[in-house]
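The stops below can be taken in order.

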Amino acid sequence: ADTKPLILHFDAHRDLKPEYDGMVMCHTTPFYHLINDGHIRSHDLVQIGIRQCDRQENQFALNKGVVTFDAWTIHDNINKLLLYINEVTCNRVIYISFDIDVYDLSYVPCTGCPEPYGLDPFQVAKIIKSISPSAMLIGMDMVEVAARSNDHREGTLAVQTLYRMLVNLQKAYS
């Protein structure tokens with residue numbers, strides 16, 4: 001948090017709930033607490049691929065100035081997002097939080113919270129490539145990847161996504 005990173009949050013969900021099912025810290029609350037507790041500046045959170053949230057999360061994001069590119073916006077005009085990402089990541093320290101359910105449910109049949117109308121692998125690859133070469137990646141996470149029986153599609157997609165992130169963001173923070 002001391003580096004004030006720009007967070008690129010790929011997800012179907014906002015994860016901006018103050019609590020969920022009586023739990024203050026869980027998979028639907030991290031970005032609310034990071035912003036509310038002052039660990040990140042709300043305008044340094046860029047949410048990509050969002051397509052399921054509640055009114056309270058939307059209002060919190062709007063009030064705090066969270067930057068959002070929902071899946072419909074990306075499908076209609078990905079170039080707007082690509083230009084924004086290239087500009088906003090220029091000479092910035094970045095952290096990527098990647099929830100596998102940013103992908104359309106047809107690509108991630110095993111994840112716990114799949115949503116229709118998600119992004120496809122080509123769109124995600126374009127977004128990753130649009131990150132400025134001057135950006136410094138300080139960390140990333142890949143969450144909610146699951147497997148069922150001998151279905152390796154989701155795991156393979158996760159590995160290939162991570163590979164593309166690492167190849168495109170070779171500059172390390174030191």
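The tour covers a predicted model, going from the sheet to the cores, then to one helix and one loop.

**Stop 1: the sheet.** Colour the strands by element. Five of them make up an open, parallel sheet, ordered E3-E2-E1-E4-E5. Go to the edges, where E3 and E5 each have a single partner strand, so one side of each has no neighbour in the sheet. Looking across the strands, the average twist from one to the next is 15°.

**Stop 2: the cores.** Show Leu8, Ile48, Ile96 and Phe98, the residues with the most contacts inside the largest nonpolar core, a set of 32 residues. Strands E1 (6-10), E2 (45-50), E3 (67-70) and E4 (93-99) each give two or more residues to this core, as do helices H3 (71-76), H4 (78-88), H5 (121-129) and H6 (153-168). Which element supplies the largest share of this core? It is H4, with five residues.

Centre on isoleucine 48. Beyond its neighbours within four places in sequence, isoleucine 48 is in contact with several residues, including Leu8, Phe10, Phe69, Ile74, Leu81, Ile85, Val102, Leu119 and Ile127. His9 and Asp11 are also among its contacts.

Then select Leu16, Phe31, Tyr32 and Val66, which are among the ten residues of a second, separate core.

**Stop 3: helix H2.** Select residues 55-64 and show side chains. Glu57, Phe60 and Ala61 are the buried residues of H2. These three lie on the same side of H2, because the arc they cover around the axis is only 95°. Turn to the face directed away from that buried side to find Arg55, Gln56, Leu62 and Asn63, which are exposed. Helix H1 (30-36) is part of what covers the buried residues of H2.

Check both ends of the helix. At the start of H2, a side-chain oxygen of aspartate 54 comes to within 3.2 Å of the backbone nitrogen of glutamine 56. After H2 comes glycine 65, with a positive phi near 80°.

**Stop 4: a loop residue.** Move to serine 132, in the loop between H5 and strand E5 (136-143). Is serine 132 buried or exposed? Its relative accessible area is 6%, so serine 132 is buried. Leaving out neighbours within four places in sequence, display Asn86, Thr89 and Cys90 to see what serine 132 is in contact with.

Conventions:
Residues numbered from 1 in each chain as written. Predicted model: local features only at pLDDT ≥ 70, side-chain atom pairs only at ≥ 80, totals over all residues. Heavy atoms only, no water. Core = buried A, V, L, I, M, F, W, Y, C linked by side-chain atoms within 4.5 Å. Buried < 20%, exposed > 50% of the residue type's maximum accessible area, 1.4 Å probe, protein only. Helix = DSSP H or I, 4+ residues; strand = E, 2+ residues; numbered from the N terminus. Contact = heavy atoms within 4.5 Å. Pairing = 2+ DSSP bridges. Axes fitted to C-alpha atoms, helices over the stretch in contact; angles between N-to-C directions. Arc of directions from axis to C-beta. Polar contact = N/O pair within 3.5 Å; in protein donor to acceptor, adjacent residues only side chain to side chain.
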